[in-house]
Each structure stands twice: as C-alpha cells, then as structure tokens.
Amino acid sequence: MLGIAFSLHFGLFHVLSCVWRQMNVMAVPIMNRPLSSHSLTEFWGRRWNLAFRDLTHRFLFLPLLARCGAVGALLVGFVVSGLIHDLVISWPAGGGYGLPTIYFALQGFGIVLERSAWGRRLGVGQGRPGRLFCIACIGLTSPLLFHQAFLERVVVPFLLAIGCIR
C-alpha cells in the first residue's frame, strides 16, 4: 500500500507536474516533501496534497470561518475530506464505511491538540516531539484509512491484475 501511494503521489503526480511546466503551464507539484514535516499542521497544511488543501481552504474553510470559528472550520474540512475518501476507498471496496471519515476527523483533532495549550507545553507542534506526534497520528490511525475491506477487495485484486503478486 505504501509503495502504491508513494508511486502515485511522489512519482506520477510529480512527473505530470514536470510535463505541464515543460508546456509553460505553472503546475507546481502537489506534494512538498511531506516526509520532512515537523508537525501534523505542517504535514496537512503545507506539504501533503496542496491542490486539495488549497481547494478546501478557499471553498470550505474560509466561508465557514466566520460561522464556525477556526477550529470548527478546520474540523469540517477534515470530515469532508474523510467523506470524499470514503467515496473513493470504502464504496469501491463495499465495506469499511465511515473508517476513512474517522481517520480524517482524528487528523483534525490531532491538529487541534497540537495547537492547544497542552500541545504547546509538550512541544508536539515542532522539532522531534512534533515529528514523532505527526508520525504517530498518521501512522497509528492509517488502518482506518486503508481498512481491511479496501485491502482485500481493491488493493489485492489490483496487484494480482498487474502481476505484482501471485
């Protein structure tokens, strides 16, 4: 699963960005070295899938900011991302419904925690503690995103079809 994600997000999408730039279209890569993140906020806000981040910031976060406040708008953005991922992960798998939404909601709560007084005291928004907190939030909850139904009914058949496994 990690190989597929890295091949798409860091390989194919980066190559497509390079092709567009060769045709004089300003197409910056959608990934900005996410493995260099020192916080969960940095990972989701400045490094991972910047195209999606920009869209949700402009059309969801900013319009909701006055109505829900920063925390509310942030959490709504992550829940919407989860619902979209449920459509593209759980629905084709025919199972695991809601797990990607829970995964993204937890990411939002992780950012809220990171920015809280408690998080600032612990330093989980920067340096080594921030890096470890980021890895833990993303890694330990990843089975919610890439759940068993998705792995068994989508990933394994795909890998069989392209001859990567027998």
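This is a predicted model: local features need pLDDT of at least 70, side-chain atom pairs count only at pLDDT 80 or more; totals for chains, interfaces and linings use all residues.
Let me start with Val 25, which at a relative accessible area of 34% is partly exposed, a label that covers the range between buried, under 20% relative accessible area, and exposed, over 50%, as found with a 1.4 Å probe on protein chains only. Val 25 sits in the loop between helix H1 (2–22) and H2, where helices are DSSP runs of H or I with at least four residues, numbered from the N terminus.

Residues are numbered from 1 along each chain as its sequence is written, and side-chain values use heavy atoms, with hydrogens and water left out.

Staying in the loop between H1 and H2, we also find Arg 33 there, and with a relative accessible area of 56% Arg 33 is exposed. Most residues other than glycine have a negative phi, yet Arg 33, which is not a glycine, has a positive phi of about 45°. Asn 49, in the loop between H2 and H3, is not a glycine either and has a positive phi of about 40°, and its relative accessibility of 23% makes Asn 49 partly exposed.

Which residues touch the most other members of the largest nonpolar core? They are Leu 40, Trp 44 and Ile 138, in a core of 25 residues, a core being a set of buried Ala, Val, Leu, Ile, Met, Phe, Trp, Tyr and Cys residues joined through side-chain atoms within 4.5 Å. Two or more residues each come from helices H2 (40–47), H3 (50–93), H4 (99–115), H6 (127–145) and H7 (148–161), and H3 gives the most, with 7 residues. Setting aside residues up to four places away in sequence, Ile 138 touches Leu 40, Phe 43, Trp 44, Tyr 103 and Gln 107, where contact means heavy atoms within 4.5 Å.

Let me turn to how H2 packs. The axes of H2 and H6 come within 7 Å and cross at roughly 70°, the axes being lines fitted to C-alpha atoms over the stretch in contact, with angles from 0 to 180 degrees between N-to-C directions. H2 is therefore roughly perpendicular to H6, a term for angles of 65 to 115 degrees, whereas under 35 counts as roughly parallel, over 145 as roughly antiparallel and the rest as oblique. Leu 40, Phe 43 and Trp 44 of H2 meet Phe 133, Cys 134, Cys 137 and Ile 138 of H6.

With H4, the angle is about 120° and the axes are 8 Å apart, so H2 is oblique to H4. Here Leu 40, Thr 41 and Trp 44 of H2 make the contact with H4 residues including Tyr 103, Gln 107 and Ile 111.

Arg 46 also belongs to helix H2, and, its neighbours within four places in sequence aside, Arg 46 is in contact with Asn 32 and Thr 41. The C-alpha atoms of Arg 46 and Pro 34 are separated by 8.2 Å, at 12 residues apart along the chain.

Finally, the cysteines: how many disulfides does a search of the whole structure find? The search finds 0, a disulfide being a pair of cysteine sulfur atoms within 2.5 Å. Cys 18 is partly exposed at 29% relative accessible area, and Cys 68 is partly exposed at 36%.
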